[in-house]
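Please look over the sequence and the model before reading on.

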Amino acid sequence: MTKLSKMMLAALLIMVLFFLNQVIIEKVTRENEREKAHERTQAGRGAERVGETGSLLSRDPNAGLHPRIPGSQPELKADTQPTESSMCFKENIIKYIIIVIFGIIILILLGLFIYKYNFKKNDNKNGLLSGNSEDHLEENGFQQEIARRKAQYKAAWRKAQLYPDWRKEEFQAVNVTLDEDTAHPSLLLSENRRRVTWQESHQNLSSSTQRFDSLPCVLGQQHINSGRSFWEVKVKDAPSWDLGICLNNVTRKGRVTVSPQNGFWAIRFYNRECWALTSPETCLTVREIPHIVGIFLDYEDGDVSFYNMTDGSHIFSFTKNTFSGALRPLFRLWSSEAGSLSICPMEEENDVVINIPE
């Protein structure tokens, strides 16, 4: 039973109790009036008897005394007018009829209200079920649209510059580690060789022909000779950095310009601006400052692409290159406020195309 149904029954019960109360009160009132009327009648009859006994003779002013004939006095006629009790009863009957009619109207209105409420409730339930069905259909439609777009992407993923997560399915994840023999003296590597941090004072490191002494760079240990590889670098903690790849035999001593002509394919983030290190440099527009950068290398196709993994947008691609020799991941920090770069761990590594020299 609904709350409105309970309210309706309660209203009906109150009306019945009120009606019964009024009937009882009216009945008691009528009984009291009858008793009072009966008492008045008895008192009148007693007075009439006393009057009859005291005046057996009546004096006629013209004829003198003569006996009074009992019953010669005109009899009292019954009151033909309706009594006050009957009038009140009729008025109360009319009042009760009005109350009953009013109560019936209230019950009808309550019934209509309850019917309308239940109708809306059922309609809302049906609408909710219908809405859930529509949401389910929309979700299925959305999934179908995603599947359709992914199929189109798979058919021409090389030309598409979207959906880096789908692009990963075409590449091999590489667990890049840093080569301490190539690190500039101002760069401090973590013990696991997956994070590089700028430090103000130069370290006292052994002399090595592999070490950068001018550019504050460090290379990854991996030598990539073929295939498709990708890795990700967390750049959130570094306001200025260079990321990319370079030939294994790039110049590491003296002043060097980072450009494809010198064996570098990289992008730069400096003073909140993003640049492609082409010749000349190309200023890039990014929708959102990257926190993680994905580097995708397709060796045979000569393509190096950079993605902002924060929002999934494409940053820049070096295309139609011809690589000869091993390529290595490149990392660079700019100043004492450059923070650190961290290589994100990957789930799998391609040992076929990645060679780590002794």
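Among contacts in the chain between residues at least 6 apart in sequence, what percentage join residues at least 24 apart? The share is 67%, where a contact means heavy atoms within 4.5 Å.

## Basis of the values

The model is predicted: local features need pLDDT of at least 70, side-chain atom pairs count only at pLDDT 80 or more, and totals for chains, interfaces and linings use all residues. Residues are numbered from 1 along each chain as its sequence is written, and side-chain values use heavy atoms, with hydrogens and water left out.

## Overall make-up

Three helices and 18 strands make up the secondary structure elements of the chain. These are DSSP runs numbered from the N terminus (helices: H or I, at least four residues; strands: E, at least two).

The chain has 358 residues, and 34% of them count as buried. Buried means under 20% relative accessible area, exposed means over 50%, and partly exposed lies in between, with a 1.4 Å probe and protein chains only. The chain exposes about 23000 Å², of which carbon and sulfur atoms supply 55%; accessible areas come from the Shrake-Rupley method with a 1.4 Å probe.

Side chains of opposite charge can pair when their charged atoms come close. A salt bridge here is a side-chain nitrogen of Lys or Arg within 4 Å of a carboxyl oxygen of Asp or Glu, and the count by this rule is nine.

One of them joins the side chains of K168 and E232, at 2.6 Å from N to O. K168 sits in the loop between α3 (164-167) and β3 (172-173), while E232 belongs to strand β8 (residues 228-234), 64 residues apart. K168 is partly exposed at 22% relative accessibility, whereas E232 is buried at 10%.

R328 and D179 form another salt bridge, with an N to O distance of 2.9 Å. R328 lies in strand β16 (residues 327-333) and D179 in the loop between β3 and β4 (187-189), so the pair ties together parts 149 residues apart in sequence. R328 is buried at 2% relative accessibility, and D179 is buried at 13%.

## A loop-to-loop pair and a network

The side chains of D311 and R287 meet in a salt bridge of 3.8 Å, N to O. D311 is in the loop between β14 (303-308) and β15 (313-318), and R287 is in the loop between β12 (282-284) and β13 (292-298), 24 residues apart. D311 counts as partly exposed at 25% relative accessibility; R287 counts as exposed at 66%.

D242, R268, E281 and R332 are joined in a network of salt bridges.
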